[in-house]
Amino acid sequence: ASFLLGKQLHVPLCSVPLCSAVVDVAIQDYVADVASELIYQNKSQISKEVVFVFPLGSHMAIYSFQARSEDAEVQVLLQDETQRLREPTEAWDDLQCLKNQSEHSGELFACSLGTLAPGREVVVTLRYVQELSREPDGAARFVLPPTLHPHMIHYALFLLAVSDCFVDKPSYSLLLAVSLRSARGVADVRANFALSPLIYTAQDHSAAQVSLAGSPPRNEDLELQVYFGEPSVVSAVVEKGDPEAPAGSLLGDPMVLVMLAPSIPEAVPGQRQSGEFIFLLDTTVLEQVQVPPPHRGDTLLFLLKSLPLGCYFNIYCYETTSEGIYPQSVEYTQDNLSEAMRRLPSCGSSSSSVGDADLLGTLRSVYSSRRPRGHARQLFIFMARLPRDEEAIVAEVCRHRNSHRCFSFFSKDSAALAIALAKKTGGEAAYISSDSVMTVVVLQCLKRALTPAAVEVTLSWTLPHGLEAEVLGGTPEAIFQGQHSCLYAQICGQAQDTVVAKGVMTLQYSLEGQDVSHTIEFPLCPQGHGGLAGHRLAMRRLLEQLLPEAVSGSGDEPRHRAVEISLASGIICPFTSYVGVCTARRASWYQGPLALLPPRSSLIPCQVIELQGSYEVSSCFIQHTLWVPPGWLRAVRASRLALCRLTQNIAALPQNGASSKGTRPQPNGRCRDHRRVVLPYLMLLSTKDIAECRELVALQNIDGSWALSSGLARVLEVSEAEITEKMPGEVMEPSVWGTVLALTWLHRHDKSYQNFCELLEAKAVTWLRSRAVSQLEKCLEAAHSLLGSSVKPSVSRL
């Protein structure tokens, strides 16, 4: 089944056309609850074996799925399948095809719906919840998934039968209705498609409705942006609990949906900046990037020299030791950096066998060290091989996810772990395809890491006596510029004073040494449409927190708690399985020669798998099969002959409408989640460019300046006498002249070092502007005359 699914993701086969879709979206601030009903018809003359496929976007969770036809009805439920957690999925050979062919990145829900006879139709009902992204202007952004709007060649149902039929663009009708609600008021709604007029259903404009007008546009996603009243740094809304759930439970108690979006200005490159940067190096990486003295390694050299003044740093070379170069992070000074570079060779002096890298012990050492006050912690983790104790490493990082974020750099073997660490902490993962791009990729990640942050974030509550608020999953200690944080707080207890109907929440944080405080008052009476979207997303957040510890085997309590939350919310986890209960009315849902499962089986093949695209081109590839329903693997293995009959001609099917046969489709290698995975294949630079300016970078001081020295003259290929002779007489400080010469050399008309010298140049420009504004014009003219090269506008701004 995964073999077929993988093929379908890359080369769509003849599909059951989507005839109509009815989608109702309920948006409460930055949370959406979506209910959809999809009708598909088999208009061909042969029976079709169909699979429903739904890509799960970021912060999305399915909690209800149902399919029905004239013959049967399938209700997908959850059941505890702890005993089958360790099903040997590696034995499923055809999973390799899905691994190599899929271009989808992220979780994917797939459910086999059996055989659909000619002329019959199947109705699919799907419900899911989702956190909405927040635009820079404060708008909530909702995108209708391609499965619900199958533009171009995105299909929800894939056929597992061999056929020459090919559907180009299915014709269907779409009814899209959106209800909006916010205590701040709904100010405006914008979309890339025609909308009906906005209708307010509350006098204070706190509730409104809008819908699709006319036919949906082709060849593009349907996007909706909702603007609320006054843009707010912090917002809160209370969602009532399920009256049928026990009081004191997650579903039974009210939930506060909190959005934190501190106003953080853009950073000015080259200026002082706070932050704690910790570099964790696999000793294999260290050995690969090291060169003979005095140069300690291109990547490390450029990386450490590019750090801003005012930050803290430390370096860990993990192998059999978990000790850092310094016991704890130290201030970024010239002496501390020189000492760190001097100590580096001893870190990679001893060789080790594959699998001996003690990343887990090193992480624990990092987390036990004191974080400098007022500095956001960021980890740069380099993995040239797969460390042992993967699950324990993820669990350890998740345990401290609110205190830092990770930027991880990986080879093919360690991709799954690196991507997981970045995903859990809101960082990024980058694939290092070769040594020639390592420096560029790492420096681009550092540039993104150098965004200012609100640090020491805390929330405090003032509620009526008898009530308490508990933030599920904890509050992040830092929120970076351009980011926001969605939190869920459970209101526990019974109010003794029923007169007080409001609560007060205070957000406090520090921004570049300044204490900032925001207070908001919110009504305690539940609002919204009566759904439980916030509750389910809160439980999804708890599952994310519990699963690493549960999977790593640290006791039974996390596993039992995860199963309890999964069954209550309807959201799947590795310890629960989707079970499709088939209720036959006139005939068995599985019939005919295309049925892959035993006819009397009442279990519908459903699973959620996590893909990372195709590693062969883009560095993203399938992480692993997370869970499968009971009996599915055994049934597929038992139906091997049927699988072969169904798939024998798949390789010959045309690709994207081409008429040639016998051509095996090639993966396009695109990874669609650019927030977590950096693709370096567009930055193919020669190591010659880096080698040319390596020595110049080694001579730069951490404040951005260059001293006049024989080493600088050697790099510039000019004698010291010529440098002294050409120095303008107005220059009172030789370092000003040396820095201008270095910048001019970097910007020669036939060279471009922008990809790996941008941060270094920014520091140099900042240093020059603070030292010698009146001398710069003459220095630039003299430098141009001496080096015989033109100066680009980016330097002329001096």
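# A first look at the sheets and helices

Strand S17 (residues 255–260) pairs with strand S27 (residues 485–493), and the two run antiparallel over six bridges. Within that pairing, Val256 sits opposite Ala489 of S27. Welcome to this predicted model, whose protein chain has a mean pLDDT of 75, with 71% of the residues at 70 or more.

- S17 and S27 belong to an open sheet of four strands, ordered S16-S17-S27-S25, with antiparallel pairing.
- Strand S16 (234–239) and strand S25 (467–471) are at the edges with a single partner strand each, so one side of each has no neighbour in the sheet.
- On average, neighbouring strands here are turned by 25° against each other, direction ignored.
- Helix H10 (residues 533–551) lies across S16, S17 and S27, and its direction is at about 105° to S27.

**Another four-stranded sheet**

- Four strands in the order S26-S24-S28-S29 also make an open sheet, and their pairing is antiparallel.
- Its edges are strand S26 (478–480) and strand S29 (514–523); each has a single partner strand, so one side of each is left without a neighbour in the sheet.
- From one strand to the next, the twist averages 30°.
- Strand S24 (residues 453–462) pairs with S26 in the antiparallel sense over three bridges, and Ala454 has Ile479 in S26 as its bridge partner.

**Two helices side by side**

- How do helix H7 and helix H8 lie relative to each other, parallel or perpendicular? The axes of H7 (residues 390–399) and H8 (residues 415–425) cross at roughly 15°; angles under 35 degrees count as roughly parallel, and H7 and H8 are therefore roughly parallel to each other.
- The two axes come within 10 Å, and the crossing of H7 and H8 is right-handed.
- H7 brings Glu390, Ile393, Val394, Val397 and Cys398 to the contact, where they meet Leu417, Ala420, Leu421, Lys424 and Thr425 of H8.
- Sorted by class, this contact of H7 with H8 has seven nonpolar, one polar and two charged residues.

**Where to read with care**

- Confidence is highest in strand S20 (residues 330–331), at a mean of 97, and lowest in strand S32 (residues 624–627), at 27.
- Over residues 289–296 pLDDT stays under 50, and the model has 16 contacts beyond four places in sequence for them.
- Residues 348–355 also stay under 50, with 14 such contacts beyond four places in sequence.

Notes: Residues numbered from 1 in each chain as written. Predicted model: local features only at pLDDT ≥ 70, side-chain atom pairs only at ≥ 80, totals over all residues. Heavy atoms only, no water. pLDDT = per-residue confidence, 0-100. Contact = heavy atoms within 4.5 Å. Pairing = 2+ DSSP bridges. Axes fitted to C-alpha atoms, helices over the stretch in contact; angles between N-to-C directions. Parallel < 35°, antiparallel > 145°, perpendicular 65-115°, else oblique. Left-handed = near helix turned anticlockwise from the far one by under 90°. Nonpolar A, V, L, I, M, F, W, Y, C, P; charged D, E, K, R; others polar.
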